[in-house]
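Open the model in your viewer and keep the sequence panel in view. The stops below say what to select and what to look for at each one.

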Protein chains: 2
Amino acid sequence: MTAGFTAALLQAQTQILNHMDRRLPQADLLHQTMDYALRGGKMLRGFLVLESARLHDVPETAAIEAALAIECIHAYSLVHDDLPAMDDDDLRRGQPTLHRKWDEATAVLAGDSLQTLAFELLARDSVGPNALSLIRTLAKAAGKDGMVSGQMMDIAAETAETPLTLDEITILQARKTGCLIEWSACAGARLAGADPAPLRHYAQALGLAFQIADDILDVEGDAATVGKAVRKDADAGKATFVSHLGLEGAKHRAQELADLACAALAPYGAAGDTLKDAARFVISRDS
Amino acid sequence: MTAGFTAALLQAQTQILNHMDRRLPQADLLHQTMDYALRGGKMLRGFLVLESARLHDVPETAAIEAALAIECIHAYSLVHDDLPAMDDDDLRRGQPTLHRKWDEATAVLAGDSLQTLAFELLARDSVGPNALSLIRTLAKAAGKDGMVSGQMMDIAAETAETPLTLDEITILQARKTGCLIEWSACAGARLAGADPAPLRHYAQALGLAFQIADDILDVEGDAATVGKAVRKDADAGKATFVSHLGLEGAKHRAQELADLACAALAPYGAAGDTLKDAARFVISRDS
């Protein structure tokens with residue numbers, strides 16, 4: 001069912017890693033740590049950029065900068081999120097987290113320079129005439145009103161007296177992970193100067209489905225397969241989509257959202273099939 | 001001697017703080033922490049942006065975004081630099097460092113979103129037709145080949161077996177603090193689409209003079225006046241401009257560099273007088 005997606009994702013990973021070798025030579029320790037942080041991920045966000053660019057006939061030379069840029073932002077957020085002062089994780093993508101392999105200071109700086117690199121890539125000539133629109137929307141999606149505000153909400157929730165409601169979790173996740181997924185899916189339309197509305201609707205449903213699937217994986221998954229610690233939320237007594245909806249309810253909701261995501265792609269006809277496959281993959285993945 | 005500069009600096013501080021209130025409403029805790037990190041600094045970098053913009057008749061509506069942007073980058077670097085895993089400082093600008101006033105996780109996130117905000121500001125329509133040039137050069141100055149690489153060199157030096165040579169310290173400081181000072185001074189020319197070469201030569205001398213003055217302050221300064229801990233370098237047995245040149249030698253070199261900075265402004269005639277005052281201030285400051 002998701003064979004088209006799996007092949008496209010593999011191709012996207014190869015393209016992005018090849019581009020990383022061009023843009024991030026392993027010149028010194030800092031470059032090496034940034035390279036380490038970028039490797040091993042699914043690169044779903046970069047795939048969404050490349051696929052939405054394909055739908056809009058955007059040259060690959062432009063799209064690949066944006067695809068690597070969003071992977072830089074995602075990687076930076078993981079490196080900082082894993083720090084002892086934050087989630088204190090030892091394992092990420094099946095490897096030691098950056099501060100475990102090196103040290104905390106190096107992890108702070110590697111994350112910092114990954115964020116900078118994202119904007120450096122988007123400001124390159126090869127991105128073309130709509131570069132500023134991509135930079136402006138990425139900064140909004142990643143910053144104080146987007147991803148980082150979601151992380152702040154997440155930290156506040158840990159010490160709050162009452163668990164988050166379902167609505168609060170939905171808002172938190174829309175910011176923490178949804179904003180970047182939305183930016184990725186809309187990037188192709190923005191690069192082409194086209195209306196990103198259908199892709200935005202697709203991504204909003206996809207992002208929420210992705211997070212529900214993440215909560216399900218935390219309950220049902222196996223650490224070795226998932227590549228990071230599991231059962232963390234339940235052990236911490238944290239409110240999640242699963243604690244609110246139950247395991248079956250959460251699966252049902254994820255399926256509904258994947259259907260909604262696919263329906264939003266109707267304007268693209270058969271050209272949208274790979275993105276539809278991506279939505280089905282997101283709710284059936286085991287890592 | 002530096003009265004023109006003092007007045008211009010005060011005016012720049014007021015302009016930048018007013019603009020901060022517009023662009024960074026204290027909507028929630030994250031916004032408040034970012035506001036806290038931005039306040040209380042000299043805003044020398046923002047002043048350089050505004051002054052170089054004035055020299056090139058750039059509209060203030062454009063220059064003020066760039067001035068606030070560079071102060072965001074500078075503030076983020078200080079917040080992360082002060083973290084326990086980095087310099088572990090309790091005092092900054094005479095106030096508790098951000099992780100002391102709140103906590104480490106909040107300090108990591110406040111720094112992260114300050115960096116993002118810098119690029120968001122530079123991508124605004126009000127910056128005008130040369131926004132991408134500012135974004136591209138700022139990313140280079142702040143990232144893996146600029147400021148952050150200087151911070152990595154600084155960390156490596158702490159555990160190195162032999163102290164840094166004078167040439168190595170010069171390269172380290174050119175990256176760690178020089179790059180951002182250079183970007184600030186060149187910003188006005190870049191906003192105007194003019195040649196930044198004279199301002200670059202000015203800033204390269206100014207940046208080095210600034211760092212030598214910082215090393216002198218660490219030896220001669222008073223913590224209460226300086227607003228941060230002093231005597232840190234000597235206590236740590238760290239190689240500095242003073243340890244290499246001696247106190248008098250360092251003062252002499254700072255004066256030479258200030259003269260060099262002033263000479264580079266010759267093409268601007270009397271219009272460059274405030275920037276010349278800034279160079280004299282930098283080597284005579286007590287904080």
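Helices and strands are named here as DSSP runs numbered from the N terminus, a helix having at least four residues and a strand at least two. With that naming, select Asp88(A), which sits in the loop between H4 and strand E1 (91–92) of chain A. The model is a predicted one, so what you see at this stop is computed from predicted coordinates.

**Stop 1: Asp88(A).** The phi angle of Asp88(A) is positive, about 55°, although the residue is not a glycine. Is Asp88(A) buried, partly exposed or exposed? Its relative accessibility is 45%, and Asp88(A) therefore counts as partly exposed.

**Stop 2: Asp57(B).** Move to chain B and select Asp57(B), in the loop between helix H3 (44–55) and helix H4 (60–81). Here too phi is positive in a residue other than glycine, with a value near 55°. Asp57(B) has 70% relative accessibility, so it counts as exposed.

**Stop 3: Asp35(B).** Stay in chain B and pick Asp35(B), in helix H2 (residues 29–38). Asp35(B) counts as buried because its relative accessibility is 4%. Leaving aside residues up to four places away in sequence, Asp35(B) touches Met20(B), Asp21(B), Leu24(B) and Gln26(B).

**Stop 4: both chains.** Show chain A and chain B together. A rotation of 180°, with 0.0 Å of shift along its axis, superposes chain A on chain B with an RMSD of 0.0 Å. The two copies are thus related as by a two-fold rotation axis. Both copies use the same surface: 100% of the contact residues of chain A recur in chain B.

**Stop 5: the interface.** Select the contact residues: 42 in chain A meet 42 in chain B. About 3,600 Å² is buried between chain A and chain B, and carbon and sulfur atoms give 70% of that area. Colour Leu109(A), Lys144(A) and Met152(A), which supply 19% of the area that chain A buries against chain B, more than any other three residues.

Stop 6: For one salt bridge, show the side chains of Arg136(A) and Asp125(B), which meet at 3.2 Å, N to O. Finally, select H6(A), which gives the most to the side of chain A that touches chain B, with 13 residues. The residues on that side divide into 23 nonpolar, nine polar and ten charged.

How values were computed: Residues are numbered from 1 along each chain as its sequence is written. Chains are lettered from A and ligands numbered from 1 in the order in which they are written. This is a predicted model: local features need pLDDT of at least 70, side-chain atom pairs count only at pLDDT 80 or more; totals for chains, interfaces and linings use all residues. Side-chain values use heavy atoms; hydrogens and water are left out. Copies are superposed by least squares on the C-alpha atoms of residues with pLDDT of at least 70 in both. Contact means heavy atoms within 4.5 Å. Buried area is the accessible area (1.4 Å probe) that two parts lose on being put together, summed over both. A salt bridge is a side-chain nitrogen of Lys or Arg within 4 Å of a carboxyl oxygen of Asp or Glu. Ala, Val, Leu, Ile, Met, Phe, Trp, Tyr, Cys and Pro count as nonpolar, Asp, Glu, Lys and Arg as charged, and the others, Gly among them, as polar. Buried means under 20% relative accessible area, exposed over 50%, partly exposed in between (1.4 Å probe, protein chains only).
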